[in-house]
Amino acid sequence: MNIQKIAFIGGGNMARSLTGGLIQASILPKSIAIGEPNKLRREELYREFSVVTSDNNASVAQDADIIILAVKPQHAASTVSDLSETLSARKPLVISILAGINIASINSWGGGNLAIVRAMPNTPALIRAGITTLFANDKVTVIQRSQAESIMKTIGKTVWVDDENLIDTVTSISGSGPAYFFYLIEAMEQAAMDGGLEPELARMLTLETALGAARLAVDTNEPPTKLRKQVTSPGGTTEAAIAVLDKYQTSDTIKAAISAAKKRAQELASANEVDE
Ligand SMILES: NC(=O)c1ccc[n+]([C@@H]2O[C@H](COP(=O)([O-])OP(=O)(O)OC[C@H]3O[C@@H](n4cnc5c(N)ncnc54)[C@H](OP(=O)(O)O)[C@@H]3O)[C@@H](O)[C@H]2O)c1
């Protein structure tokens, strides 16, 4: 990976996953600096990765070629504004993983004319099984695009979109998506226990089924409808189950839930919006 210096602003869960991924991808610990106010977290990051840590964001950002914004969204405005001098002087690539914060807002807080990539990862990134969707503004060079992609690839797969508005849909699918699957897993586990299985077995059967179904869909590349029909023999058990899901319009319910997530993402983005 052709990267000189990376600074993280915020040293929480996502920064930790990315740092682990980068080090596994042979980025030297001394090339990574993390600005994090919490002393215990700084000590943990240093113990685990031997990276540079500081409670002073400006000092970690001052010689960075790439700055990754990884604070909570509510801290974004003040954190980026505090860095505006460094950002304006050095013009690094800014990668923002902040949910619900538009590029225009970051650009405005940071002093303008910035190369910014907006990235939307998801929680499986914590075990490097995430998927991150990326969008770049027109200040981002081809090299910077490839750097952003290489960084996010250390925690899973990456895809690009060419319209920032699509990030709200992405948030409602892959961002919130792990929770939808956990919801289904919770219900299946409970049904298994209601049917007399021990909790451990109920969990194992449910999780292995979820994993196996996802792997089957990925490996065969067959449409899910076809795979579902393959398990559904006429007059059989699966058909009986699907009939109940259809009766309660489960597909429409899922679509309505995803639509609510997207609407909320749009609301959060416009609440944080700044006019350029
Ligand atoms: N987790 C996900 O799956 C996921 C997915 C997509 C996007 N994101 C986005 O990723 C970002 C980080 O998420 P996370 O789960 O890593 O959150 P997190 O664990 O809470 O990490 C944020 C870190 O930033 C620190 N911080 C607060 N103010 C700061 C400041 N002024 N300067 C530097 N650091 C500061 C926090 O310290 P304190 O705890 O002491 O405040 C905390 O350690 C969020 O914006 C979230 O929207 C996360």
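Student: How far apart do the C-alpha centres of domain 1 and domain 2 lie?

Tutor: The C-alpha centres of the two domains are 34 Å apart. This is a predicted model, in which local features need pLDDT of at least 70 and side-chain atom pairs count only at pLDDT 80 or more, while totals for chains, interfaces and linings use all residues. Residues are numbered from 1 along each chain as its sequence is written.

Student: What makes domain 1 and domain 2 separate entries, and which residues does each span?

Tutor: The bounds come from an automatic or database domain assignment, which gives 6-170 for domain 1 and 177-266 for domain 2. Their contact takes 6 residues from domain 1 and 5 residues from domain 2, a contact being two C-beta atoms, placed from the backbone, within 7 Å.

Student: Why are β3 and β8 called edge strands?

Tutor: The open sheet has 8 strands in the order β3-β2-β1-β4-β5-β6-β7-β8, with mixed pairing. β3 (52-54) and β8 (156-160) each have a single partner strand, so one side of each is without a neighbour in the sheet. The twist from one strand to the next averages 20°.

Student: Which strands pair with β7, and in what sense?

Tutor: β6 (residues 115-120) is joined to β7 by 4 bridges and runs antiparallel to it; arginine 118 has phenylalanine 135 of β7 as its bridge partner. β7 and β8 run parallel, joined by 5 bridges, and leucine 134 stands opposite tryptophan 160 in β8.

Student: Why is β7 described as largely enclosed?

Tutor: A residue is buried if 20 or more other C-beta atoms lie within 10 Å of its own. In β7 (residues 130-136), 7 of the 7 residues are buried, so the strand is largely enclosed by the rest of the structure.

Student: Which residues of β7 point one way and which the other?

Tutor: Gly130, Thr132, Leu134 and Ala136 point one way, Ile131, Thr133 and Phe135 the other, and all are buried. In a regular strand the side chains alternate between the two faces of the sheet.

Student: What handedness does the β-α-β unit of β7, helix α7 and β8 have?

Tutor: The unit, with helix α7 at residues 142-153, is right-handed. The term means that, with the strands pointing away from the viewer, the path from the first strand over the helix to the second runs clockwise.

Note on methods
Pairing = 2+ DSSP bridges. Helix = DSSP H or I, 4+ residues; strand = E, 2+ residues; numbered from the N terminus. Axes fitted to C-alpha atoms, helices over the stretch in contact; angles between N-to-C directions. Buried ≥ 20, exposed ≤ 12 C-beta atoms within 10 Å, placed from the backbone.
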